[in-house]
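Work through the exercises below with the structure at hand, and try each task before reading its solution.

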Amino acid sequence: MKPVKRLDGKVALVTGASRGIGAAVAKALANEGAHVVLLARTKSGLEDTYDAINEAGGSSTIFPFDLTKIDELEALGPTLLERFKRLDIWVANAGRLGTLTPISHSKIKDWRDVYTLNVLANVQMIRTLEPLLKASDAGRAIFVGSDLGVHPMPFYGEYGVSKAAVSFLARSWAEEVKHTAIKVNIVQPGAVDTELLAEAFPGGYHRPDLRMPEDIAPLFVELALPTCSHHGAIIKPDGSVAR
């Protein structure tokens, strides 16, 4: 008899699933039996994730989309409902670093670009996905936060401010849905070996706390399970809750 996996029958949406944390989380969710909708702008990267899931015996669908097209994004929920009939898990991972520069030298266009993807796209996705997650018997939403959204560093204003906004957005929404079956949480992953980290630290990140995307993917799985009891929490890679 085929063993029952912990997310059998669930449908998950992972943004930024073409690489890094998003790709690792998508693979981990698929390994637990979820059908994973892989969303990112780059189709070739999505195909790599799809192939890896398929080779491991999992199930996924490629969904190339530019999340900065805010108006078009409003149709995402109805599209998922029509195609998959449900949504149980949403991992809001896609993000942009922005320009590393003093705030006084920064450009409004760069702030707008970062905020559109990191914050406004997530606002729009809450609007379009909440009905599907409410219809699930255990809707789960997991946002990716950042230490830079909590502990400011010079030159990282665009990214740090946007990530602080993401955490506040997620926790505000958590308060709004606390009497439903939805659980909303934020993972604060620390330093993870991704292309974004390489952009953020062009001279290299040489501290001992560096993790691989696969190292933190299991935490996302735990937060996606129907048994998850955390809500409105910021979770660190060791499982501790940040306040």
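**Exercise 1.** Decide how helices α1 and α8 are oriented relative to each other in this predicted model, and describe their contact.

*Solution.* Begin with the geometry: helix α1, which covers residues 20–31, packs against helix α8, residues 213–224, at an angle of about 55 degrees, and their axes are 8 Å apart. Angles under 35 degrees count as roughly parallel, and those from 65 to 115 as roughly perpendicular. The two helices, α1 and α8, are therefore oblique to each other, and their crossing is right-handed. Next, look at the residues that meet: α1 brings Gly 20, Ile 21, Ala 24, Val 25, Ala 28 and Leu 29, while α8 brings Pro 213, Glu 214, Ile 216, Ala 217, Phe 220, Val 221 and Ala 224. Sorted by class, the residues of this contact are eleven nonpolar, one polar and one charged.

**Exercise 2.** Determine the orientation of α5 and α6, and name residues that join them.

*Solution.* The axes of helix α5, residues 108–135, and of α6 come within 9 Å and cross at roughly 15 degrees. That angle makes α5 roughly parallel to α6, since the limit for this class is under 35 degrees. The crossing of α5 and α6 is right-handed. The contact includes Trp 111, Tyr 115, Asn 118 and Glu 130 from α5, and on the α6 side Tyr 159, Val 161, Ala 165 and Trp 173 are among the residues involved. Taken by class, the contact of α5 with α6 has 13 nonpolar, four polar and three charged residues.

**Exercise 3.** Describe the largest pocket, and find which element gives the largest share of its lining.

*Solution.* Start with the volume, which is about 1200 Å³ for the largest pocket. Its lining consists of 50 residues, and Gly 95, Tyr 159, Thr 194, Leu 196 and Leu 197 lie nearest the centre. The elements that give two or more residues to this lining are α1, β2 (35–40), α6 (157–176) and α7 (195–200). The largest share, five residues, comes from α7. As for class, the lining has 21 nonpolar, 16 polar and 13 charged residues.

**Exercise 4.** State the volume of the second largest pocket, and work out how its lining divides by class.

*Solution.* The second largest pocket has a volume of about 170 Å³. It is lined by 16 residues, of which Pro 152, Met 153, Tyr 156, Gly 157 and Val 161 are the closest to its centre.

Technical notes: Residues are numbered from 1 along each chain as its sequence is written. This is a predicted model: local features need pLDDT of at least 70, side-chain atom pairs count only at pLDDT 80 or more; totals for chains, interfaces and linings use all residues. Side-chain values use heavy atoms; hydrogens and water are left out. Axes are lines fitted to C-alpha atoms, for helices over the stretch in contact, and angles run from 0 to 180 degrees between N-to-C directions. Helices (H or I, at least four residues) and strands (E, at least two) are DSSP runs, numbered from the N terminus. Angles under 35 degrees count as roughly parallel, over 145 as roughly antiparallel, 65 to 115 as roughly perpendicular and the rest as oblique. A crossing is left-handed if the near helix is turned anticlockwise from the far one by less than a right angle, and right-handed if clockwise. Contact means heavy atoms within 4.5 Å. Ala, Val, Leu, Ile, Met, Phe, Trp, Tyr, Cys and Pro count as nonpolar, Asp, Glu, Lys and Arg as charged, and the others, Gly among them, as polar. On a 1 Å grid over the protein atoms alone, a cavity is a set of points where a 1.4 Å probe fits but cannot get out, and a pocket is an open set with protein on both sides within 12 Å along at least five of seven lines; lining residues have an atom within 4 Å of a point. Grid points are joined across faces, edges and corners, and a volume is the space filled by probe spheres set on the points.
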